[in-house]
Amino acid sequence: ARAVARGEWVHVFPQGKIVFNDGKGKVGDLKWGVGKLVCDSYLLSGRIPVVLPFHHTGMTSVLGKGEIVPSVGGRVEVRVGEVVRLADLVGLCRKDERCAWRKITERVREGLDSLVVDS
């Protein structure tokens with residue numbers, strides 16, 4: 001949260017793990033940690049952090065599960081969404097933090113879901 005509060009880039013997997021479904025279907029359940037990270041950084045800095053959802057598929061074509069050395073020739077697709085608007089939710093961080101975590105996480109999930117192509 002301190003790094004985010006300082007304006008640094010922090011890349012998280014909001015499912016709490018790397019998911020090897022290669023983009024098939026919707027994003028799995030997200031952990032509340034993404035909402036907690038937003039609240040904690042907001043409470044430290046007073047600034048709403050920028051949350052930019054992105055979704056990539058095809059990573060297993062260049063680096064399979066358990067592999068260490070990437071291969072060439074695979075196709076990776078990266079979709080970048082719009083900044084997730086959180087101004088209407090961060091005020092809850094001071095009042096009802098668990099509610100804020102849940103609502104922020106759901107908003108992030110909506111942003112991610114908009115990037116996933118159903119197969």
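Trainee: Which cysteine does a disulfide join to cysteine 39?
Mentor: Remember that this is a predicted model. A disulfide needs two cysteine sulfur atoms within 2.5 Å. Here the S to S distance is 2.1 Å, and the partner of cysteine 39 is cysteine 93.

Trainee: How many residues apart are cysteine 39 and cysteine 93?
Mentor: The pair links distant parts of the chain. Cysteine 39 sits in helix H2, and cysteine 93 in helix H3, residues 92–95. Their separation is 54 residues.

Trainee: Is the disulfide of cysteine 39 and cysteine 93 left-handed or right-handed?
Mentor: Look at the torsion about the S-S bond. It is about -70°, so the disulfide is left-handed.

Trainee: Are cysteine 39 and cysteine 93 buried or exposed?
Mentor: Buried means under 20% relative accessible area. Cysteine 39 falls in that class, and cysteine 93 does too: buried.

Trainee: Is cysteine 99 buried or exposed?
Mentor: The cut-off for buried is under 20%. Cysteine 99 has 15% relative accessibility, so it counts as buried.

Trainee: Is glycine 46 buried or exposed?
Mentor: Glycine 46 lies in the loop between helix H2 (33–45) and strand S1 (54–57). Exposed means over 50%. Glycine 46 has 51% relative accessibility, so it counts as exposed.

Definitions and conventions. Residues are numbered from 1 along each chain as its sequence is written. This is a predicted model: local features need pLDDT of at least 70, side-chain atom pairs count only at pLDDT 80 or more; totals for chains, interfaces and linings use all residues. Side-chain values use heavy atoms; hydrogens and water are left out. Helices (H or I, at least four residues) and strands (E, at least two) are DSSP runs, numbered from the N terminus. Buried means under 20% relative accessible area, exposed over 50%, partly exposed in between (1.4 Å probe, protein chains only).
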